[in-house]
4 protein chains.
Amino acid sequence: MTRVGIVAASGYIGGELIRLLLTHPKVELTTATSRKYAGEYVFRVHPNLRGVTELKFSDYNLATVTERSDVVFTALPHGESIRYIPQLAAAGLKVVDLSADYRLKDPEQYSIWYGFQHPSPDLLGRFVYAVPEINRDEIRHASLLSSPGCMAIATILALTPLLKAKELEIDHDHIIVDAKIGSSGSGGKPSTSTHFSERYSVVRPYAPAGHRHSAEIEQVLSSVAGERVKVSMSAHAVNMVRGILSTCHLFSGKEIEPITLWKAYRGMYSGSYFIRFVRDKKGPFRLPDPKLVTGSNFCDIGFETEQRTGRVVALSAIDNLIKGAAGNAIQSMNLMLGFDEKAGLANAPLHPV
Amino acid sequence: MTRVGIVAASGYIGGELIRLLLTHPKVELTTATSRKYAGEYVFRVHPNLRGVTELKFSDYNLATVTERSDVVFTALPHGESIRYIPQLAAAGLKVVDLSADYRLKDPEQYSIWYGFQHPSPDLLGRFVYAVPEINRDEIRHASLLSSPGCMAIATILALTPLLKAKELEIDHDHIIVDAKIGSSGSGGKPSTSTHFSERYSVVRPYAPAGHRHSAEIEQVLSSVAGERVKVSMSAHAVNMVRGILSTCHLFSGKEIEPITLWKAYRGMYSGSYFIRFVRDKKGPFRLPDPKLVTGSNFCDIGFETEQRTGRVVALSAIDNLIKGAAGNAIQSMNLMLGFDEKAGLANAPLHPV
Amino acid sequence: MTRVGIVAASGYIGGELIRLLLTHPKVELTTATSRKYAGEYVFRVHPNLRGVTELKFSDYNLATVTERSDVVFTALPHGESIRYIPQLAAAGLKVVDLSADYRLKDPEQYSIWYGFQHPSPDLLGRFVYAVPEINRDEIRHASLLSSPGCMAIATILALTPLLKAKELEIDHDHIIVDAKIGSSGSGGKPSTSTHFSERYSVVRPYAPAGHRHSAEIEQVLSSVAGERVKVSMSAHAVNMVRGILSTCHLFSGKEIEPITLWKAYRGMYSGSYFIRFVRDKKGPFRLPDPKLVTGSNFCDIGFETEQRTGRVVALSAIDNLIKGAAGNAIQSMNLMLGFDEKAGLANAPLHPV
Amino acid sequence: MTRVGIVAASGYIGGELIRLLLTHPKVELTTATSRKYAGEYVFRVHPNLRGVTELKFSDYNLATVTERSDVVFTALPHGESIRYIPQLAAAGLKVVDLSADYRLKDPEQYSIWYGFQHPSPDLLGRFVYAVPEINRDEIRHASLLSSPGCMAIATILALTPLLKAKELEIDHDHIIVDAKIGSSGSGGKPSTSTHFSERYSVVRPYAPAGHRHSAEIEQVLSSVAGERVKVSMSAHAVNMVRGILSTCHLFSGKEIEPITLWKAYRGMYSGSYFIRFVRDKKGPFRLPDPKLVTGSNFCDIGFETEQRTGRVVALSAIDNLIKGAAGNAIQSMNLMLGFDEKAGLANAPLHPV
């Protein structure tokens with residue numbers, strides 16, 4: 001069994017990592033750190049895990065983590081991972097980072113989007129931005145992985161095949177990403193914004209412009225498109241706990257037939273278990289809906305075309321805590337360690353829930 | 001007191017018309033028709049009105065309606081209003097229609113968007129498409145009014161000032177409207193799609209392209225812009241009962257400052273009680289959110305700019321059953337009859353709810 | 001116009017008092033105090049009131065409040081009202097208190113239920129515990145009113161007629177009150193318990209025993225029953241913002257017919273506008289449901305009998321912020337000031353919402 | 001691998017059986033029948049299973065089912081199972097029935113509670129009413145199992161230890177069960193009652209008296225108590241999809257200490273993996289809440305005592321589709337077939353969700 005540790009395991013993403021890793025057939029979860037809850041049972045913080053594990057949180061200690069782990073997941077806030085990862089990497093651990101700290105290749109982008117000067121720019125080049133469905137081979141040969149932001153991965157999975165398919169002639173200046181996300185995406189810390197009476201039944205445009213995930217989406221899409229792509233992103237908080245729907249509006253000068261889009265998607269995702277295509281003629285779920293991926297690592301993808309406006313609407317739905325975070329990180333670890341990509345991630349979504 | 005009737009009053013919009021008209025200081029609700037519920041107490045169908053009114057539904061009868069009403073609201077399904085309104089108009093009644101049947105000026109558009117040949121195209125020219133904040137004077141002189149679709153009015157109120165302000169140089173080919181709407185927008189008829197277990201916690205892209213409200217939005221915007229404007233609209237069902245958020249993504253070749261947008265909005269809406277500008281620096285509700293207009297006739301409007309992408313995000317929030325239907329219809333009636341525009345509509349939104 | 005002030009108007013109950021009093025035909029709202037928000041516009045704290053009022057919060061000052069008000073509502077936390085009310089009363093103001101501080105007649109009960117020794121026990125006798133449907137006349141002659149707790153008033157309205165009707169022979173030792181309440185009942189202060197991700201979709205038994213409202217319910221019921229009545233109360237937080245359903249399980253040695261219960265209820269509540277009886281044979285709302293009173297001052301009451309177990313189930317539903325707080329307080333003020341009981345409270349519930 | 005079939009697999013319980021059995025390590029799901037959907041892919045009806053299984057529904061045929069299965073689950077409506085099970089049993093299949101048709105021992109009870117005369121009363125004696133935590137050994141030796149009603153099993157698990165513990169002197173005439181259940185408990189068929197706009201935010205007392213699950217609860221409790229026990233049950237639909245909270249109010253003439261209740265519970269459930277005790281001093285989840293068992297087979301149990309009223313409040317929370325149906329049925333099958341009780345059921349609950 002490969003020994004796995006989690007640094008900063010008390011948040012929602014940490015809780016999902018623990019839940020999933022506890023039943024992973026190839027790894028043993030040895031360590032879950034939390035400064036605040038060191039010494040506490042994990043189930044006191046993640047109450048769903050009561051009766052499931054007797055693990056306790058430990059305080060972070062580099063020597064202990066190194067000694068007890070072969071791979072480590074870091075679920076630290078942005079700007080915190082950079083303080084831990086250089087030592088973990090130097091100690092020879094394989095690392096899967098879930099923060100934004102090693103997602104962008106160009107260190108200057110950190111000043112622009114995150115407001116800090118990156119202290120270990122050399123490491124940026126060693127990290128692989130891990131979207132298994134897109135760069136599986138690269139992940140297999142990596143030892144440092146950066147797992148994408150939740151809205152970024154949903155959007156990247158919806159758009160990459162379309163930008164790669166040059167024959168679609170997608171307009172690179174008018175790519176609109178209108179994302180809808182549940183409350184768990186903003187973490188477990190109470191505030192007036194997350195107070196139930198203020199948060200119930202909202203459609204809250206909390207980041208109509210300038211969302212940081214734009215940077216990583218543009219990085220991937222520009223790379224695949226072979227030129228600078230601009231992403232116009234708006235993020236909305238909606239009335240649910242888990243899930244993201246990314247509605248992507250694209251334009252093309254050409255008339256685009258559904259068959260061409262099918263070809264682009266199938267060409268890239270054939271054999272990718274966690275991608276499901278949803279484009280039905282009947283039933284309540286004719287297109288992707290985050291309700292239908294809850295509790296799973298699936299990313300559902302669908303699309304619609306509108307000839308009148310020259311538009312393609314590409315849609316993707318994920319569980320933000322799984323494919324948008326812990327699940328994608330574990331899937332990527334599986335590849336890095338040579339395991340079956342699906343190991344520990346085979347749960348079907350719950351429905352109805 | 002002006003005598004008012006409602007034709008087809010058993011749906012959700014009918015229920016709101018009744019609720020609001022019952023306390024309107026200037027009118028008396030004399031008639032509420034329903035083929036299905038004729039003879040039943042209104043409160044059996046609209047159970048919130050128990051104890052509020054002893055009115056009963058009556059079967060539709062042209063002579064009776066004509067005799068007992070000075071103004072009539074028609075809340076019939078699309079394609080049904082055209083069967084009633086020519087007679088009502090011929091009988092000299094003032095009419096406020098809430099269906100789509102008299103919204104479009106060009107009869108050919110009905111073939112394209114609604115799949116029927118319009119049987120009374122001559123009436124189209126006599127109907128005023130009523131958005132009081134935009135064409136108050138026209139409404140004052142009309143006797144036949146068509147109240148806009150719910151997503152249409154939200155979007156029109158957000159966009160008209162920006163398209164009118166020529167100096168903004170809004171790109172007319174890339175206007176994206178990403179709308180989010182509650183369940184009441186699809187009416188009271190049960191189906192698998194509206195079954196609670198299937199509908200709870202969804203973000204369902206039910207009309208990613210080709211939404212019929214595009215037609216009326218384009219009609220208004222093209223008129224104000226002085227040239228053909230294309231609207232790329234996608235509609236999503238979200239997890240709430242009332243409310244619409246319309247997120248409109250616009251592009252301009254120019255760098256647009258917030259002050260310029262303020263000027264455009266204030267120029268058009270100064271003195272319009274039901275428009276509120278929401279663009280705060282703190283608090284959970286810094287931009288429009290349908291949660292905050294629940295139960296009222298307000299339309300909240302806000303915006304954000306993004307220089308990097310040349311984008312303006314214009315946002316509007318309404319209660320779809322009030323400003324999106326019954327409230328706007330009554331506000332328009334008030335103008336048509338020379339009443340205070342706010343009569344019967346002064347209720348503040350409920351919060352929290 | 002009678003001049004009205006509100007002390008401590010920044011909470012949810014304060015917000016409802018402001019909203020309702022602003023459109024009350026007989027009073028003028030002159031003052032709304034808030035230590036924290038003094039000088040701020042009311043709509044910054046109660047964002048639904050944007051565009052509705054330009055009122056600002058003022059700091060509390062006895063002289064100013066006294067000078068500017070004929071009646072004052074106090075919406076202070078329990079244990080705080082006692083620090084303000086003696087002076088307000090001494091200054092000759094009429095007072096409607098919404099805290100628990102003057103609800104109980106026996107000062108010793110404050111030590112037991114609230115953990116403090118009551119500092120002004122003499123005032124307890126001068127306060128009238130105001131449930132207009134039960135003690136209208138007493139309220140009319142009072143100048144100091146105490147408005148009941150939200151779960152208390154729902155329960156008292158459901159049970160008083162049944163305990164008054166001696167012929168029902170209700171067992172006074174087995175009165176079970178199983179209450180379900182929305183999030184607004186716990187106020188506007190964020191905490192882990194009210195964090196959306198932790199609060200969504202719960203059925204949380206937050207006070208299975210020992211709820212403080214038991215004391216006021218027992219006080220009223222014991223008085224009407226003429227002997228000590230014990231109330232076994234459990235309170236649950238459920239997944240909504242507004243509303244209370246109180247499910248009351250009673251037992252009798254006698255076989256009880258529905259007609260007898262009808263008689264008890266109608267005997268007491270005939271002529272009480274805000275009581276609606278709900279006991280239908282069909283439709284989704286055959287019995288009281290808080291969904292159907294949202295935004296109104298109604299209390300819906302219904303019941304069921306079960307011969308096999310000798311049980312009566314009495315049910316009541318209210319909007320906790322209106323009939324459970326601000327609405328009942330205003331209704332009581334109306335009586336105290338000789339106004340129409342319904343003044344300012346005529347809004348029908350919203351539906352669907 | 002044991003071969004398993006499901007008769008009537010298109011409902012919500014059928015969907016959960018399929019989902020769970022597909023990953024069960026000891027069985028192979030060979031057959032899922034549905035009259036309505038015969039020939040259709042399972043994932044067309046249970047859209048969460050898209051990409052998970054290529055299984056199709058087959059029409060029901062006794063010979064085929066018998067030939068292809070060693071064990072069969074019947075998820076038919078009440079009154080339908082009796083038409084299939086005698087043949088399935090006669091064919092030598094092991095059966096786990098999820099309807100009510102073989103839950104009650106006394107055939108006359110079917111006339112009283114279900115309105116039909118039981119056609120195979122002889123089989124009633126051969127069926128074991130399966131609550132593994134209570135009659136594990138009996139289940140191990142059975143070949144015909146009846147899985148309890150969802151509210152019944154929650155209540156039975158909360159109450160059995162307390163009624164077994166004679167020293168508690170529980171009053172058998174005043175046992176009140178106030179249950180709160182999510183929408184999935186009423187199945188997948190649309191109606192006005194389940195229409196989202198009518199169902200959202202409700203607390204609907206849909207069965208305040210006379211709920212059929214009372215019969216099975218009384219059967220179990222009377223048996224363990226050694227005398228006739230009466231259960232006063234009320235069921236409420238609340239605003240969520242999955243989950244049940246059963247709030248049970250009991251009375252005793254004795255003063256009951258928490259330690260005594262602990263003893264009763266631990267004495268019976270020690271070693272029962274799926275029972276978790278929840279009685280914490282802090283945090284948002286101090287007592288059972290269905291939110292915390294979502295997606296799992298756990299039953300969370302907790303309690304509170306109230307000396308003033310002589311009351312014990314026993315609380316239990318389950319996922320109604322898992323421990324309340326499919327999960328308990330599979331757990332029981334595991335015992336019947338000699339497998340590990342937890343096989344196929346090890347998923348931890350999701351949180352937050």
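Before starting I noted how copies get compared: they are superposed by least squares on the C-alpha atoms of residues with pLDDT of at least 70 in both.

**Ground rules.** I'm working with a predicted model, where local features need pLDDT of at least 70 and side-chain atom pairs count only at pLDDT 80 or more, while totals for chains, interfaces and linings use all residues. Residues are numbered from 1 along each chain as its sequence is written, chains are lettered from A and ligands numbered from 1 in the order in which they are written, and side-chain values use heavy atoms, with hydrogens and water left out.

**Entry 1: chains B and D.** I laid chain B on chain D and got an RMSD of 0.0 Å, with a turn of 180° and a shift of 0.0 Å along the axis. That is the relation of a two-fold axis. I then looked at contacts (heavy atoms within 4.5 Å). Of the contact residues of chain B, 100% recur in chain D, so the same surface serves both copies.

**Entry 2: chain B against chain A.** I found 57 residues from chain B and 57 residues from chain A in the contact. For buried area I used the accessible area (1.4 Å probe) that two parts lose on being put together, summed over both. Here that comes to about 4,300 Å², with 57% given by carbon and sulfur atoms. On the chain B side, B:Val203, B:Pro284 and B:Arg308 lose the most area to chain A, together 15% of what that side buries.

Next I checked salt bridges (a side-chain nitrogen of Lys or Arg within 4 Å of a carboxyl oxygen of Asp or Glu). There are six between chain B and chain A. I zoomed in on B:Glu218 and A:Arg308, whose side chains meet in a salt bridge at 2.2 Å, N to O.

**Entry 3: inside chain A.** The domain bounds come from an automatic or database domain assignment. It gives me domain 1 (2-126) and domain 2 (151-318) in chain A. Their C-alpha centres lie 27 Å apart. I see eight residues of domain 1 of chain A in contact with 12 residues of domain 2 of chain A. Between them the two domains bury about 970 Å², 53% of it on carbon and sulfur atoms.

I noted two salt bridges across this domain interface. A:Glu16 forms a salt bridge with A:Arg242, and their closest N and O atoms are 2.9 Å apart.
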